[in-house]
Amino acid sequence: MAQLLFKDVNKVYPNGYHAVHDFNMEIKDGEFICLVGDSGCGKSTTLRMIAGLEDITAGEFYIDGKLANQMSSRDRGIAMVFQSYALYPHLTVYENLAFGLTLEGIDADIIEEKVQATAKILGLTDYLERFPRALSGGQCQRVAVGRALIRKVSIFLMDEPLSNLDAKQRVTMRSEIKQIHRSVGATTIYVTHDQTEAMTMSDRIVVMKSGGYVQQIGTPYELYFYPKNLFVAGFIGEPPMNFIRGTVEGGKLVASGLNIDIKPIVKDAKALEGKKVVFAFRPEAIKLEAQPSSYTVTSKVELTELLGDTTNVYATVGEGEGKTNVILKVNPHYAPKMGDSFKFVIPHTASYLFDAETEEVIESDLKRH
């Protein structure tokens, strides 16, 4: 087990590029942490600093209470799984799994026992004599995970390990990695650009923005229902959250063709008078029937996508130049047709308001659901 602590960690490259800004976080023993964000946000750089593959420019990084800034990679108790698998093509699965133990000079009997136990956990027992070229992508990835697992380290680092797999393999491997984490209990830091992986696998998620800025750290539930700013609100969720921009006039959000009473969803509507704000709601949060404590909005349907269990409805709300595109998720049995005028309902508890200037969420007492 390992506890990690970051205090104002920064990474600046020799060319002046500031890849990570003031990273602060405490990771508990055995936690599964996902770093997510768009390209260039510094998530892989952060992982490499944990591994000791990148120097920390400023700040302090601790492993189990010990300052690790200058600690060698070998002494950090870390195993890393890469996107490319990094298997030795001329070695069998058995030899790939045993490679690190062999270098450490461990007895052959112990290596045999560890390889067989690891292969059993990962379902690789029948493939130990095969070479990587004879394996599927998912099997290669399991070997890569097994090579990390067999060393019994306290910290696992995974850098987009599933990005080379097809959709079905990714679903299977997500489940397998999570089960391995539960059984082994090692502290795991997992980098991905896929928010579905982060939402389904992690205990907590770190959302980062281009330039290396941390936007929010929280559980999947907290990030989904209580985003702190527009970036997190738009990044977490698929399809993304809908945003309608307008100005507060007389306690209402006024946009082209829309008047939305914001008093039920914010603490102090008067304080927002004259401010530019962003009204937001998730595509799946809408209802098709009127209900108490809700907004009714009329839209025009532009396109529909049947996905089986749900239909995505692409529509516009408002009029003229202020018209806004929105995405709605509806029951396919009640989906409208292209060109229809379509009314939908947004519960107050599913409605958000953000400051258009600061992009921060405006405080509310609503309990989200």
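Modeller: Contact means heavy atoms within 4.5 Å. Helices (H or I, at least four residues) and strands (E, at least two) are DSSP runs, numbered from the N terminus. This is a predicted model, in which local features need pLDDT of at least 70 and side-chain atom pairs count only at pLDDT 80 or more, while totals for chains, interfaces and linings use all residues. Residues are numbered from 1 along each chain as its sequence is written, and side-chain values use heavy atoms, with hydrogens and water left out.

Biologist: Which residues in α4 meet α3?

Modeller: Helix α3 covers residues 108-122. Its side of the contact consists of Thr118, Ile121 and Leu122, and these meet, in α4, Arg142, Val145, Gly146 and Leu149.

Biologist: How are α3 and α4 oriented to each other, parallel or oblique?

Modeller: Axes are lines fitted to C-alpha atoms, for helices over the stretch in contact, and angles run from 0 to 180 degrees between N-to-C directions. The axes of α3 and α4 lie 10 Å apart, at an angle of about 135 degrees. Angles under 35 degrees count as roughly parallel, over 145 as roughly antiparallel, 65 to 115 as roughly perpendicular and the rest as oblique. The orientation of α3 to α4 is therefore oblique.

Biologist: At what angle do α2 and α3 pack?

Modeller: Residues of α2 in this contact include Tyr94 and Leu97, and those of α3 include Ile111 and Val115. The two helices are oblique to each other. Their axes are 10 Å apart, and the angle is about 130 degrees.

Biologist: How many charged residues has the contact of α4 with α5?

Modeller: Helix α5 (residues 167-184) and α4 cross at roughly 15 degrees, their axes coming within 11 Å, and that makes α4 roughly parallel to α5. Among the residues in contact are Gln141 and Arg142 of α4, with Met173 and Glu176 of α5. Ala, Val, Leu, Ile, Met, Phe, Trp, Tyr, Cys and Pro count as nonpolar, Asp, Glu, Lys and Arg as charged, and the others, Gly among them, as polar. By class, the contact has 5 nonpolar residues, 4 polar and, as charged residues, 2.

Biologist: Which residues are the closest to the centre of the largest pocket?

Modeller: On a 1 Å grid over the protein atoms alone, a pocket is an open set of points where a 1.4 Å probe fits, with protein on both sides within 12 Å along at least five of seven lines; lining residues have an atom within 4 Å of a point. The largest pocket holds about 700 Å³ of space. Of its 19 lining residues, the closest to the centre are Ile78, Ala79, Met80, Gly100 and Arg151.

Biologist: Which elements each supply at least two residues of that lining?

Modeller: The lining divides into 12 nonpolar, 3 polar and 4 charged residues. At least two residues each come from β6 (78-81), α2 (93-103) and α4 (137-149).

Biologist: Which residue has a positive phi although it is not a glycine?

Modeller: Most residues other than glycine have a negative phi. The residue in question is found in the loop between β4 (58-63) and β5 (66-67). Its phi is about 50 degrees, and the residue is Asp64.

Conventions:
Points joined across faces, edges and corners; volume = space filled by probe spheres on them.
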